[in-house]
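Okay, thanks for having me.

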Amino acid sequence: MDNLARYDAIIIGTGQAGPALAKRLSGAGMSVAIVERHLFGGTCVNTGCIPTKAMVASAYAARVTQRAREYGIAIGGEIAVDMRAVKARKDAISSRSRTGVETMLRGLAHCAVYHGHARFQSAHEIVVGDAALSADRIFINVGGRASVPPLPGLDRVAYLTNSSMMTLDVAPPHLVIVGGSYVGLEFGQMFRRFGSKVTIIEMAPRLVQREDADISAAIHEILTREGIDVRLNAKCIRVAGENGRVTARVDCTEGSPAVEGTHLLLAVGRTPNTDDLGLEAAGVRCDGHGYVDVDDQLETNVPGVWALGDCNGKGAFTHTAYNDFEIVAANLLDRGSRRVSDRIAAYALYIDPPLGRAGLTESAARERGHSVLVGTRPMSRIGRAIEKGETDGLMKVVVDASSHEILGASILGTGGDEVIHCLLDAMYAKAPYPLLQRAMHIHPTVAEFIPTVLGELSPSKL
Ligand SMILES: Cc1cc2nc3c(=O)[nH]c(=O)nc-3n(C[C@H](O)[C@H](O)[C@H](O)COP(=O)(O)OP(=O)(O)OC[C@H]3O[C@@H](n4cnc5c(N)ncnc54)[C@H](O)[C@@H]3O)c2cc1C
């Protein structure tokens, strides 16, 4: 091809792995091209973690203000949520981060930034608009988007996804959410706190069903106590609507077969952005869901082509995408031999109180054949939670009875997203649980009860 621009490396996407990788590679003296078709920073910065957590913070402030009297604080006048101000705050935080990514990339030595859609022409050539680029090393970091299920009627109804939710500057009178997992629950609770009536439709028998049943039951109770209507065992089978009304018809054994509201949010999972990337031209293989097949070091079946972040199906979080960058950079530049299989699953669900998770659930540990010991404690028996007036939730630690290895933990409660790291780090250190029992923790904290819980282990009853 004429006017082919040659680089040492091409990175497609500026999500959570691409920019950091561009910095490392260009810092190592390589010429790098990085391509972004939409907003710098990708999902996390623009429509995912950062804006949603900014909104969760506003929702928390609303909730605390409503509960002010419980803390002995009198607020004169009516408490109102100013959704325009909530959005403006969220936009400012998100935009600072987006600008930071773009400025960093444009300031890198030996790094060319292309704005446009990248598509493979062959294993080592891509086109972006009129430009043709080639490199021996190509890194795919294209992320994913909200899945839109083929629901009858959806083509005639205005619906929202996590992306279009970002443009709302009003609280919908009645938000109907299809999907009772992480994204659906975060939006559900925050908009309930902003004043919306909220109904969550989930086809499974419980919310966040990959968690243990006791954790999902506690989450269910927290949400319903705030007035969220949860419809379980209810599969949304068709939607209809006009003039600011939307109706979701559900296939259910109990409750009304029609859920009516004013706005519809789809929160039923993610689809990788690999369908329009020309992967066939490159010979790069995907699985049946469109996730790029990679080995334990994130290289695809085509030598010199890697896939990082959500698009490889090995993780669905910012920290997994960033960890992919660390693995690839260490192996390419530091002669490392890091592998995806060395990492321990960890994530948080940012309802309030948050759920921090590490490793295996109790049921997954049982399924894998471990002889399981479990320790639990309700937050209502944790001093710090009582003092803060935030006693919802429980902590739970799962250990292997014979090896004494910590297999996993769930901390649903105030500070759960932070406290979980005590256990996660001990798991990375492969520390047997009795070691943690001897650790002196700071009082008053939630974490100070980890040694206590480990001293009260009993055989799993699942
Ligand atoms: C509502 C919501 C809340 C979330 N909250 C959290 C959270 O609290 N914590 C957490 O860890 N994770 C969270 N996540 C998940 C997190 O946002 C993603 O896991 C993370 O952003 C994935 O990063 P990535 O680098 O794989 O891809 P992305 O961030 O999606 O970036 C991919 C980039 O590639 C670009 N691109 C795609 N195709 C092309 C192409 N052909 N050419 C050029 N550019 C292209 C896209 O425009 C995009 O900018 C959340 C997600 C959602 C939806």
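So, Cys111. In this predicted model, the cysteine sulfur closest to the one in Cys111 belongs to Cys311, and that is 19 Å off, too far for a bond. A disulfide here would need the two sulfurs within 2.5 Å. As for where Cys111 sits, it counts as buried, because its relative accessibility is 14%.

What about Cys311, then? It is in no disulfide either: its nearest cysteine sulfur is the one in Cys286, 8.5 Å away. Cys311 counts as buried too, with a relative accessibility of 0%. And how many disulfides does the structure hold? The count is 0.

Okay, zooming out to the chain. We've got 14 helices and 22 strands in the protein chain. If you want dimensions, the C-alpha trace spans about 70 × 60 × 45 Å along its principal axes.

Now the inside. Of the 462 residues, 50% are buried. And if you take the contacts with a separation of 6 or more, 64% of them join residues 24 or more positions apart.

The accessible surface comes to about 20,800 Å², and carbon and sulfur atoms account for 51% of that.

Notes: Residues are numbered from 1 along each chain as its sequence is written. This is a predicted model: local features need pLDDT of at least 70, side-chain atom pairs count only at pLDDT 80 or more; totals for chains, interfaces and linings use all residues. Side-chain values use heavy atoms; hydrogens and water are left out. Buried means under 20% relative accessible area, exposed over 50%, partly exposed in between (1.4 Å probe, protein chains only). Helices (H or I, at least four residues) and strands (E, at least two) are DSSP runs, numbered from the N terminus. Contact means heavy atoms within 4.5 Å. Accessible areas come from the Shrake-Rupley method with a 1.4 Å probe; for residues, only the protein chains shown count as cover.
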